[in-house]
Amino acid sequence: MFNWVFIRNFKVIKHLKYVNRVYLTDTQWNAIVHLFDEKCNRKHRLHDVWNAIFYLLKTGCQWRMLPKEYPKWELVYYYYRKWRDDGTIAEVHEVLRAEVRRRLGKQACPSLAIIDSQSSKTS
């Protein structure tokens with residue numbers, strides 16, 4: 001599994017009482033839309049499916065407890081598994097990470113990695 005650090009950069013909107021909703025902004029969606037076939041006629045937008053996935057990540061709720069404002073949990077789970085298995089989620093992570101780094105004035109790809117002794121196995 002990869003790191004979801006970029007989720008901090010999403011716009012958090014408060015609806016109802018004490019409930020946080022995490023949404024993929026239009027700018028972020030425009031950065032990743034080229035990874036999907038948007039020409040297909042679908043009942044639910046892929047943007048809404050991604051918002052549901054981010055909601056699940058943010059709240060840690062069960063799939064079946066997904067609020068009614070999102071597509072049905074079966075559909076969200078189907079796309080999550082499909083994108084996880086074909087590497088699309090990793091690609092989206094890379095695109096959004098590069099975008100965040102560009103906005104911070106850094107190169108798109110990190111040039112240095114640090115591993116501390118507690119993170120790496122010793123033989």
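**Starting from the core**

So, let's begin with the largest nonpolar core, which has 22 residues. The ones with the most contacts inside it are Leu24, Trp29, Ile32, Phe36, Trp50, Leu66 and Trp83. Which elements give two or more residues to this core? They are α1 (26-32), α2 (46-59), α3 (73-86) and α4 (88-103). The largest share comes from α2, with eight residues.

One thing to keep in mind: this is a predicted model.

Now zoom out for a second. The chain has four helices and two strands, and along the sequence they run β-β-α-α-α-α. Of the 123 residues in the chain, 31% are buried. And if you take the contacts with a separation of 6 or more, 47% of them are between residues 24 or more positions apart.

Skip its neighbours within four places in sequence, and Phe36 is in contact with Trp29, Leu46, Trp50, Trp83, Thr88 and Val92.

**Helix α2**

Next up, α2. How many of its 14 residues are buried? Ten, so α2 is mostly covered. Here's the list: Leu46, His47, Val49, Trp50, Asn51, Ala52, Ile53, Phe54, Tyr55 and Leu56. Just after the helix comes Gly60, with a positive phi of about 75°.

Let me pick out two residues here. His47 sits in α2, and it counts as buried because its relative accessibility is 6%, where the cut-off is under 20%. Who does His47 touch? Apart from neighbours within four places in sequence, His47 is in contact with Leu24, Thr25, Asp26 and Trp29.

The other one is Ala52, also found in α2. Is Ala52 buried or exposed? Buried, with a relative accessible area of 0%. Not counting residues up to four places away in sequence, Ala52 touches Leu66, Tyr70, Pro71 and Val76. Also, Ala52 and Glu69 are 17 residues apart in sequence, and their C-alpha atoms are 8.9 Å apart in space.

On to α3. It has 14 residues and reaches 20 Å from its first C-alpha to its last, close to the 20 Å expected at 1.5 Å a residue. Its buried residues are Val76, Tyr79, Tyr80 and Trp83. Where do they sit around the axis? They cover an arc of only 105°, which puts them on the same side of α3. Here's the general idea behind that: an α-helix has 3.6 residues a turn, so residues three or four places apart point the same way.

What covers those buried residues of α3 includes α2 and α4. And just after α3, Gly87 takes a positive phi of about 90°.

Key:
Residues numbered from 1 in each chain as written. Predicted model: local features only at pLDDT ≥ 70, side-chain atom pairs only at ≥ 80, totals over all residues. Heavy atoms only, no water. Core = buried A, V, L, I, M, F, W, Y, C linked by side-chain atoms within 4.5 Å. Buried < 20%, exposed > 50% of the residue type's maximum accessible area, 1.4 Å probe, protein only. Contact = heavy atoms within 4.5 Å. Expected span 1.5 Å × (residues − 1). Arc of directions from axis to C-beta.
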